[in-house]
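Please keep the sequence and the three-dimensional view at hand while reading.

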Amino acid sequence: MAERFSGGSNTAKRPQSVSPGVRPYIPKRHRLATSEAKADAKSPAEQVEGTQSRNSQILSDVSAKVKPYLAHKPGAAGIPRRLLMSLGGHQGPVNTVQWCPVPHLSHLLLSASMDKTFKVMIATVWDGAGSGQCLRVHTCHSGAVRDACWTPCGRRLLSGSFDNTAVITDVETGQQVVKLDNQFKVMCVVPHPSSPEIFLTGGYSSTVKAWDSRSCKVVKVYKAGIQQTLDILFLRDGVNFITSSDCVSRDSADRTLIAWDYQTTARVSNQIYHERYTCPSLALHPLEESFVAQTNGNYVAVFSSQQPYRMNKRRRYEGHKVEGYSVQCEFSLDGSILASGSSAGSAHFYDYQNARMLHTLRAHSQPCLCVSQHPVLPATAATCDWAGEIKVWH
(Lines give C-alpha, C1' and ligand atoms only; values in the text may rest on other atoms or scores of the structure.)
Protein backbone atom coordinates (compact mmCIF):
# COMPACT_ATOMS: atom_id res chain seq x y z
CA MET A 1 0.00 0.00 0.00
CA ALA A 2 2.84 2.37 0.84
CA GLU A 3 4.48 1.74 -2.53
CA ARG A 4 1.23 2.42 -4.39
CA PHE A 5 0.80 5.88 -2.84
CA SER A 6 4.43 6.97 -2.86
CA GLY A 7 4.54 8.08 -6.48
CA GLY A 8 1.45 10.23 -6.15
CA SER A 9 2.54 11.87 -2.93
CA ASN A 10 5.82 13.04 -4.42
CA THR A 11 4.47 14.64 -7.62
CA ALA A 12 1.02 16.12 -6.83
CA LYS A 13 -1.75 16.22 -4.33
CA ARG A 14 -4.42 13.66 -4.73
CA PRO A 15 -7.66 15.27 -6.06
CA GLN A 16 -10.34 15.41 -3.41
CA SER A 17 -13.62 13.79 -4.25
CA VAL A 18 -16.71 15.93 -3.53
CA SER A 19 -19.98 14.28 -2.63
CA PRO A 20 -23.01 15.29 -4.69
CA GLY A 21 -24.91 18.25 -3.20
CA VAL A 22 -21.92 19.46 -1.15
CA ARG A 23 -20.26 22.73 -2.24
CA PRO A 24 -16.48 23.07 -1.91
CA TYR A 25 -15.25 25.77 0.43
CA ILE A 26 -14.26 29.06 -1.28
CA PRO A 27 -12.25 31.60 0.70
CA LYS A 28 -13.99 34.89 1.49
CA ARG A 29 -11.38 36.87 -0.45
CA HIS A 30 -12.13 34.91 -3.63
CA ARG A 31 -15.89 35.23 -3.12
CA LEU A 32 -15.66 39.05 -2.86
CA ALA A 33 -13.43 39.30 -5.92
CA THR A 34 -15.84 37.17 -7.98
CA SER A 35 -18.94 39.15 -6.93
CA GLU A 36 -17.28 42.49 -7.78
CA ALA A 37 -16.26 41.20 -11.21
CA LYS A 38 -19.82 40.06 -11.93
CA ALA A 39 -21.21 43.39 -10.79
CA ASP A 40 -18.79 45.30 -13.02
CA ALA A 41 -19.69 43.11 -15.98
CA LYS A 42 -23.42 43.65 -15.54
CA SER A 43 -23.50 47.31 -14.58
CA PRO A 44 -23.27 48.89 -18.10
CA ALA A 45 -26.09 46.76 -19.45
CA GLU A 46 -28.19 47.39 -16.38
CA GLN A 47 -27.57 51.13 -16.66
CA VAL A 48 -28.57 51.17 -20.35
CA GLU A 49 -31.66 49.09 -19.64
CA GLY A 50 -32.57 51.35 -16.74
CA THR A 51 -32.09 54.48 -18.82
CA GLN A 52 -34.20 53.08 -21.66
CA SER A 53 -36.87 52.08 -19.16
CA ARG A 54 -36.97 55.57 -17.64
CA ASN A 55 -37.03 57.20 -21.10
CA SER A 56 -39.86 54.94 -22.24
CA GLN A 57 -41.80 55.81 -19.11
CA ILE A 58 -41.32 59.53 -19.65
CA LEU A 59 -42.39 59.19 -23.28
CA SER A 60 -45.55 57.35 -22.23
CA ASP A 61 -46.57 59.10 -19.04
CA VAL A 62 -48.36 62.43 -18.74
CA SER A 63 -46.31 65.28 -17.33
CA ALA A 64 -47.43 66.54 -13.94
CA LYS A 65 -47.38 70.11 -15.27
CA VAL A 66 -49.53 69.29 -18.31
CA LYS A 67 -52.04 66.94 -16.66
CA PRO A 68 -54.15 69.62 -14.85
CA TYR A 69 -54.88 71.36 -18.17
CA LEU A 70 -56.01 68.27 -20.09
CA ALA A 71 -59.43 68.05 -18.48
CA HIS A 72 -60.36 71.62 -19.40
CA LYS A 73 -60.94 73.38 -22.68
CA PRO A 74 -57.87 75.47 -23.61
CA GLY A 75 -58.23 79.06 -22.50
CA ALA A 76 -57.06 82.23 -24.17
CA ALA A 77 -53.45 82.28 -25.31
CA GLY A 78 -50.99 84.25 -23.23
CA ILE A 79 -47.60 85.85 -23.75
CA PRO A 80 -44.51 84.42 -22.01
CA ARG A 81 -42.38 86.96 -20.20
CA ARG A 82 -39.86 85.15 -17.96
CA LEU A 83 -37.26 82.44 -18.58
CA LEU A 84 -38.06 78.98 -17.22
CA MET A 85 -35.02 77.03 -18.39
CA SER A 86 -32.16 77.05 -20.86
CA LEU A 87 -31.35 73.85 -22.75
CA GLY A 88 -27.89 73.19 -24.16
CA GLY A 89 -26.32 70.31 -26.01
CA HIS A 90 -26.41 71.41 -29.64
CA GLN A 91 -23.12 72.35 -31.27
CA GLY A 92 -24.59 74.30 -34.19
CA PRO A 93 -27.57 76.45 -35.20
CA VAL A 94 -30.95 75.10 -34.12
CA ASN A 95 -33.26 75.43 -37.12
CA THR A 96 -36.54 74.57 -35.44
CA VAL A 97 -38.18 73.59 -32.16
CA GLN A 98 -41.60 72.00 -31.98
CA TRP A 99 -43.81 70.77 -29.14
CA CYS A 100 -45.48 67.40 -29.57
CA PRO A 101 -48.99 68.04 -30.99
CA VAL A 102 -50.62 65.27 -28.91
CA PRO A 103 -51.90 66.97 -25.72
CA HIS A 104 -50.85 64.29 -23.20
CA LEU A 105 -47.36 64.15 -24.79
CA SER A 106 -47.01 67.90 -25.21
CA HIS A 107 -44.25 68.09 -22.58
CA LEU A 108 -41.92 66.70 -25.26
CA LEU A 109 -39.97 69.20 -27.35
CA LEU A 110 -38.28 68.34 -30.64
CA SER A 111 -35.25 70.35 -31.78
CA ALA A 112 -33.42 70.05 -35.10
CA SER A 113 -29.90 71.44 -35.37
CA MET A 114 -26.89 71.65 -37.65
CA ASP A 115 -23.46 70.90 -36.17
CA LYS A 116 -20.80 72.84 -38.02
CA THR A 117 -17.94 70.72 -36.73
CA PHE A 118 -19.14 67.21 -37.42
CA LYS A 119 -21.73 68.05 -40.07
CA VAL A 120 -24.20 65.82 -38.23
CA MET A 121 -27.62 67.08 -37.32
CA ILE A 122 -28.87 66.01 -33.91
CA ALA A 123 -32.65 65.74 -33.48
CA THR A 124 -33.25 65.76 -29.74
CA VAL A 125 -36.39 65.07 -27.74
CA TRP A 126 -36.49 67.13 -24.55
CA ASP A 127 -38.66 67.03 -21.48
CA GLY A 128 -39.35 70.71 -22.08
CA ALA A 129 -42.25 71.10 -19.68
CA GLY A 130 -40.56 69.23 -16.85
CA SER A 131 -36.94 68.87 -15.82
CA GLY A 132 -35.50 69.94 -19.17
CA GLN A 133 -33.42 66.80 -19.52
CA CYS A 134 -32.44 65.37 -22.90
CA LEU A 135 -34.36 62.12 -23.35
CA ARG A 136 -32.95 60.84 -26.62
CA VAL A 137 -30.48 61.91 -29.29
CA HIS A 138 -31.11 60.63 -32.82
CA THR A 139 -28.06 60.55 -35.07
CA CYS A 140 -29.67 58.95 -38.10
CA HIS A 141 -28.28 61.48 -40.61
CA SER A 142 -24.74 61.88 -41.91
CA GLY A 143 -25.37 65.49 -42.91
CA ALA A 144 -26.91 68.56 -41.34
CA VAL A 145 -30.66 68.25 -40.74
CA ARG A 146 -32.59 71.22 -42.04
CA ASP A 147 -36.07 70.30 -40.86
CA ALA A 148 -37.82 67.89 -38.48
CA CYS A 149 -41.38 67.53 -37.25
CA TRP A 150 -43.71 65.24 -35.32
CA THR A 151 -46.11 62.93 -37.07
CA PRO A 152 -49.77 63.46 -36.03
CA CYS A 153 -49.70 60.44 -33.67
CA GLY A 154 -46.80 61.93 -31.69
CA ARG A 155 -44.89 58.64 -31.68
CA ARG A 156 -42.66 59.21 -34.68
CA LEU A 157 -40.39 61.93 -36.04
CA LEU A 158 -39.98 62.97 -39.66
CA SER A 159 -36.66 64.58 -40.57
CA GLY A 160 -34.95 65.81 -43.73
CA SER A 161 -31.23 66.32 -44.16
CA PHE A 162 -28.51 67.69 -46.40
CA ASP A 163 -27.34 64.08 -46.82
CA ASN A 164 -30.20 63.73 -49.36
CA THR A 165 -32.31 61.52 -47.11
CA ALA A 166 -35.64 61.69 -45.30
CA VAL A 167 -36.04 59.53 -42.20
CA ILE A 168 -38.95 58.43 -40.02
CA THR A 169 -37.79 57.54 -36.50
CA ASP A 170 -39.64 55.90 -33.62
CA VAL A 171 -39.47 58.24 -30.63
CA GLU A 172 -39.62 55.58 -27.94
CA THR A 173 -37.11 53.09 -29.31
CA GLY A 174 -34.92 55.47 -31.29
CA GLN A 175 -34.95 53.05 -34.22
CA GLN A 176 -35.27 54.10 -37.85
CA VAL A 177 -38.59 53.03 -39.31
CA VAL A 178 -37.96 54.31 -42.84
CA LYS A 179 -34.95 55.90 -44.53
CA LEU A 180 -35.39 57.19 -48.09
CA ASP A 181 -32.90 58.47 -50.63
CA ASN A 182 -34.41 61.73 -51.81
CA GLN A 183 -31.64 62.44 -54.39
CA PHE A 184 -31.38 66.10 -53.40
CA LYS A 185 -30.69 68.05 -50.22
CA VAL A 186 -33.87 68.25 -48.16
CA MET A 187 -34.89 71.67 -46.85
CA CYS A 188 -38.42 70.91 -45.67
CA VAL A 189 -40.55 67.88 -44.80
CA VAL A 190 -44.26 67.82 -44.00
CA PRO A 191 -46.72 64.93 -43.40
CA HIS A 192 -50.10 64.88 -45.09
CA PRO A 193 -52.74 66.06 -42.57
CA SER A 194 -55.28 63.31 -43.36
CA SER A 195 -52.95 60.56 -44.63
CA PRO A 196 -49.98 60.47 -42.22
CA GLU A 197 -48.24 57.70 -44.16
CA ILE A 198 -47.75 60.23 -46.98
CA PHE A 199 -45.25 63.07 -46.66
CA LEU A 200 -43.75 65.73 -48.92
CA THR A 201 -40.11 66.73 -49.32
CA GLY A 202 -38.65 69.83 -50.91
CA GLY A 203 -35.18 71.32 -51.13
CA TYR A 204 -32.36 71.90 -53.59
CA SER A 205 -34.37 70.79 -56.60
CA SER A 206 -36.94 72.07 -59.07
CA THR A 207 -39.35 69.36 -57.89
CA VAL A 208 -41.33 68.48 -54.76
CA LYS A 209 -41.79 64.77 -54.04
CA ALA A 210 -44.63 62.95 -52.30
CA TRP A 211 -43.51 59.72 -50.60
CA ASP A 212 -45.47 56.75 -49.30
CA SER A 213 -43.70 55.49 -46.17
CA ARG A 214 -45.34 52.04 -46.51
CA SER A 215 -43.93 51.25 -49.95
CA CYS A 216 -40.90 53.59 -49.64
CA LYS A 217 -41.65 54.93 -53.12
CA VAL A 218 -42.36 58.31 -54.70
CA VAL A 219 -46.07 58.48 -55.47
CA LYS A 220 -46.27 62.01 -56.92
CA VAL A 221 -43.87 64.61 -58.33
CA TYR A 222 -44.63 68.33 -58.56
CA LYS A 223 -42.49 70.19 -61.10
CA ALA A 224 -42.14 73.88 -60.32
CA GLY A 225 -39.21 74.94 -62.50
CA ILE A 226 -37.50 76.70 -59.60
CA GLN A 227 -34.11 76.36 -57.97
CA GLN A 228 -35.01 75.61 -54.37
CA THR A 229 -38.10 74.99 -52.21
CA LEU A 230 -37.92 76.76 -48.86
CA ASP A 231 -41.13 75.58 -47.18
CA ILE A 232 -44.29 73.55 -47.79
CA LEU A 233 -47.68 74.17 -46.18
CA PHE A 234 -50.75 71.94 -46.49
CA LEU A 235 -54.05 73.82 -46.45
CA ARG A 236 -57.25 72.59 -44.83
CA ASP A 237 -57.96 68.86 -45.37
CA GLY A 238 -54.81 68.42 -47.46
CA VAL A 239 -56.52 68.98 -50.82
CA ASN A 240 -54.13 71.79 -51.77
CA PHE A 241 -50.74 72.93 -50.53
CA ILE A 242 -48.49 75.98 -50.90
CA THR A 243 -44.77 75.99 -51.68
CA SER A 244 -42.35 78.90 -51.31
CA SER A 245 -39.15 79.24 -53.33
CA ASP A 246 -35.97 81.29 -53.36
CA CYS A 247 -36.64 82.48 -56.91
CA VAL A 248 -36.34 86.28 -56.96
CA SER A 249 -35.90 88.23 -60.17
CA ARG A 250 -37.73 90.83 -62.23
CA ASP A 251 -40.09 88.24 -63.73
CA SER A 252 -40.28 85.79 -60.82
CA ALA A 253 -43.45 87.03 -59.12
CA ASP A 254 -45.29 83.97 -60.44
CA ARG A 255 -42.90 81.55 -58.73
CA THR A 256 -42.37 82.87 -55.20
CA LEU A 257 -45.54 81.20 -53.82
CA ILE A 258 -47.30 78.43 -55.75
CA ALA A 259 -50.54 76.63 -54.88
CA TRP A 260 -50.77 72.97 -55.92
CA ASP A 261 -53.52 70.37 -56.24
CA TYR A 262 -52.26 67.39 -54.26
CA GLN A 263 -54.06 64.71 -56.28
CA THR A 264 -53.48 65.93 -59.83
CA THR A 265 -50.06 67.63 -59.22
CA ALA A 266 -51.36 70.61 -61.22
CA ARG A 267 -50.67 74.23 -60.33
CA VAL A 268 -53.80 75.79 -58.90
CA SER A 269 -52.40 79.32 -58.74
CA ASN A 270 -49.05 81.03 -59.14
CA GLN A 271 -50.30 84.63 -58.90
CA ILE A 272 -50.26 84.88 -55.10
CA TYR A 273 -47.35 87.05 -53.99
CA HIS A 274 -46.07 89.78 -56.28
CA GLU A 275 -43.36 91.43 -54.21
CA ARG A 276 -39.68 90.70 -54.73
CA TYR A 277 -38.96 89.01 -51.42
CA THR A 278 -38.45 85.35 -50.66
CA CYS A 279 -40.65 83.68 -48.04
CA PRO A 280 -38.58 81.36 -45.80
CA SER A 281 -41.55 79.99 -43.81
CA LEU A 282 -45.33 79.57 -43.97
CA ALA A 283 -47.98 79.01 -41.26
CA LEU A 284 -51.68 78.10 -41.42
CA HIS A 285 -54.22 79.77 -39.16
CA PRO A 286 -55.79 77.07 -36.93
CA LEU A 287 -59.36 78.40 -37.24
CA GLU A 288 -59.77 80.95 -40.04
CA GLU A 289 -59.35 80.38 -43.76
CA SER A 290 -56.00 82.15 -43.99
CA PHE A 291 -52.26 81.57 -43.88
CA VAL A 292 -49.22 83.78 -43.36
CA ALA A 293 -45.82 83.97 -45.03
CA GLN A 294 -42.64 85.22 -43.41
CA THR A 295 -40.85 87.47 -45.90
CA ASN A 296 -37.34 88.82 -46.26
CA GLY A 297 -38.93 92.24 -46.46
CA ASN A 298 -38.96 92.17 -42.62
CA TYR A 299 -42.70 91.62 -42.35
CA VAL A 300 -45.25 88.78 -42.26
CA ALA A 301 -47.89 88.85 -45.00
CA VAL A 302 -51.35 87.30 -44.63
CA PHE A 303 -53.26 85.52 -47.42
CA SER A 304 -56.62 83.86 -47.91
CA SER A 305 -56.34 80.05 -47.91
CA GLN A 306 -59.15 79.82 -50.45
CA GLN A 307 -58.79 80.49 -54.15
CA PRO A 308 -57.55 82.81 -55.55
CA TYR A 309 -55.38 83.15 -52.38
CA ARG A 310 -55.44 86.94 -52.28
CA MET A 311 -53.01 88.82 -50.06
CA ASN A 312 -54.47 91.18 -47.47
CA LYS A 313 -52.67 94.42 -48.35
CA ARG A 314 -54.14 96.27 -45.37
CA ARG A 315 -52.63 93.96 -42.77
CA ARG A 316 -48.99 93.08 -42.29
CA TYR A 317 -46.95 92.28 -39.18
CA GLU A 318 -43.88 94.49 -38.93
CA GLY A 319 -41.26 95.22 -36.29
CA HIS A 320 -38.94 92.20 -36.50
CA LYS A 321 -36.02 91.56 -38.84
CA VAL A 322 -35.35 88.56 -41.08
CA GLU A 323 -32.29 89.63 -43.08
CA GLY A 324 -31.79 86.37 -44.96
CA TYR A 325 -32.18 83.97 -42.02
CA SER A 326 -34.79 81.19 -42.10
CA VAL A 327 -36.89 82.84 -39.40
CA GLN A 328 -40.14 80.98 -38.71
CA CYS A 329 -43.55 82.20 -37.59
CA GLU A 330 -46.32 80.32 -35.77
CA PHE A 331 -49.87 80.78 -34.47
CA SER A 332 -51.10 80.10 -30.97
CA LEU A 333 -53.63 77.27 -30.62
CA ASP A 334 -56.61 79.68 -30.69
CA GLY A 335 -55.11 81.74 -33.52
CA SER A 336 -55.20 85.01 -31.58
CA ILE A 337 -51.41 85.46 -31.36
CA LEU A 338 -48.84 85.25 -34.14
CA ALA A 339 -45.26 84.69 -32.93
CA SER A 340 -42.10 85.26 -34.94
CA GLY A 341 -38.38 85.07 -34.36
CA SER A 342 -35.96 87.76 -35.48
CA SER A 343 -32.43 88.06 -36.80
CA ALA A 344 -31.82 90.46 -33.88
CA GLY A 345 -32.36 87.58 -31.41
CA SER A 346 -35.74 88.67 -30.08
CA ALA A 347 -39.12 86.92 -30.12
CA HIS A 348 -42.10 88.99 -31.23
CA PHE A 349 -45.78 88.43 -30.41
CA TYR A 350 -48.47 90.08 -32.55
CA ASP A 351 -52.23 90.40 -32.22
CA TYR A 352 -53.48 88.52 -35.27
CA GLN A 353 -56.63 90.61 -35.79
CA ASN A 354 -55.11 94.10 -35.80
CA ALA A 355 -51.42 93.29 -36.48
CA ARG A 356 -50.38 95.22 -33.35
CA MET A 357 -47.19 94.09 -31.62
CA LEU A 358 -48.10 92.88 -28.13
CA HIS A 359 -44.68 92.11 -26.69
CA THR A 360 -41.02 91.77 -27.62
CA LEU A 361 -39.03 89.18 -25.72
CA ARG A 362 -35.26 89.72 -25.59
CA ALA A 363 -34.61 86.02 -25.96
CA HIS A 364 -31.15 85.50 -27.49
CA SER A 365 -27.95 87.29 -28.40
CA GLN A 366 -27.84 85.44 -31.75
CA PRO A 367 -30.61 85.32 -34.40
CA CYS A 368 -33.76 83.68 -33.04
CA LEU A 369 -34.92 81.26 -35.73
CA CYS A 370 -38.10 79.81 -34.23
CA VAL A 371 -40.74 80.52 -31.58
CA SER A 372 -42.98 77.55 -30.75
CA GLN A 373 -46.04 78.21 -28.56
CA HIS A 374 -47.15 75.37 -26.31
CA PRO A 375 -50.40 73.65 -27.41
CA VAL A 376 -51.69 73.09 -23.84
CA LEU A 377 -49.85 75.22 -21.26
CA PRO A 378 -50.91 78.88 -21.40
CA ALA A 379 -48.28 81.58 -21.97
CA THR A 380 -45.52 79.03 -22.57
CA ALA A 381 -43.16 79.02 -25.56
CA ALA A 382 -39.83 77.60 -26.68
CA THR A 383 -37.25 79.56 -28.69
CA CYS A 384 -34.01 78.58 -30.43
CA ASP A 385 -31.13 80.50 -31.94
CA TRP A 386 -28.23 80.44 -34.37
CA ALA A 387 -25.74 79.62 -31.60
CA GLY A 388 -27.42 76.31 -30.71
CA GLU A 389 -29.28 77.44 -27.58
CA ILE A 390 -32.86 76.53 -26.68
CA LYS A 391 -34.93 78.36 -24.08
CA VAL A 392 -38.34 77.74 -22.56
CA TRP A 393 -40.35 80.79 -21.45
CA HIS A 394 -43.48 81.33 -19.39
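This is a predicted model: local features need pLDDT of at least 70, side-chain atom pairs count only at pLDDT 80 or more; totals for chains, interfaces and linings use all residues.

Tyr 299, Ala 301, Met 311, Asn 312, Lys 313, Arg 315 and Arg 316 form the lining of the second largest cavity. The volume of the second largest cavity is about 30 Å³, and the structure contains two cavities of 30 Å³ or more. Sorted by class, its lining comprises three nonpolar, one polar and three charged residues. At least two lining residues come from each of S20 and S21. The greatest contribution is that of S21, which provides five residues.

**The sheet around the cavity strands**

Strand S20 covers residues 299-304 and pairs with S21 in the antiparallel sense through four bridges. Within this pairing, Phe 303 lies opposite Met 311 of S21. Met 311 is also one of the residues that line the second largest cavity.

Both strands belong to an open sheet of four strands, arranged in the order S18-S19-S20-S21 with antiparallel pairing. At its edges are strand S18 (281-284) and strand S21 (311-318), each of which pairs on one side only. From one strand to the next, the twist averages 25 degrees.

The loop between S21 and S22 contains His 320. Is His 320 buried or exposed? His 320 counts as buried because its relative accessibility is 2%, and buried means under 20%. The side chain of His 320 makes a polar contact of 2.7 Å with the side chain of Gln 294. A polar contact of 2.7 Å also links the side chains of His 320 and Tyr 350.

**The pockets**

| Pocket | Volume | Lining residues | Classes in the lining |
|---|---|---|---|
| Largest pocket | about 1400 Å³ | 48 residues | 30 nonpolar, twelve polar, six charged |
| Second largest pocket | about 390 Å³ | 23 residues | 14 nonpolar, seven polar, two charged |

In the largest pocket, the lining residues nearest the centre are Gln 98, Val 190, Leu 233, Leu 284 and Glu 330. Two or more lining residues are given by each of strand S2 (94-99), strand S6 (145-150), strand S10 (186-191), strand S14 (229-234), S18, strand S22 (329-331) and strand S26 (368-373).

In the second largest pocket, the lining residues closest to the centre are Pro 74, Gly 75, Leu 333, Pro 375 and Val 376.

**Strand S28 and its partners**

Which strands pair with S28 in the antiparallel sense? Strand S1 (residues 83-87) is joined to S28 by four bridges, and strand S27 (residues 381-385) pairs with S28 over four bridges. Leu 87 stands opposite Ile 390 of S28, while Ala 381 has Trp 393 of S28 as its bridge partner. S27 and S28 form a hairpin with four residues between them, and Gly 388 in the turn has a positive phi of about 95 degrees.

Side chains in a regular strand alternate between the two faces of the sheet. In strand S28 (residues 390-393), Ile 390 and Val 392 lie on one side and Lys 391 and Trp 393 on the other. These four residues are all buried, and both faces of S28 are covered.

Notes. Residues are numbered from 1 along each chain as its sequence is written. Side-chain values use heavy atoms; hydrogens and water are left out. Two strands pair if DSSP finds at least two bridges between them. Axes are lines fitted to C-alpha atoms, for helices over the stretch in contact, and angles run from 0 to 180 degrees between N-to-C directions. On a 1 Å grid over the protein atoms alone, a cavity is a set of points where a 1.4 Å probe fits but cannot get out, and a pocket is an open set with protein on both sides within 12 Å along at least five of seven lines; lining residues have an atom within 4 Å of a point. Grid points are joined across faces, edges and corners, and a volume is the space filled by probe spheres set on the points. Ala, Val, Leu, Ile, Met, Phe, Trp, Tyr, Cys and Pro count as nonpolar, Asp, Glu, Lys and Arg as charged, and the others, Gly among them, as polar. Buried means under 20% relative accessible area, exposed over 50%, partly exposed in between (1.4 Å probe, protein chains only). A polar contact is a pair of N or O atoms within 3.5 Å; within protein, one must be able to donate a hydrogen and the other to accept it, and residues adjacent in sequence count only if both atoms are side-chain atoms.
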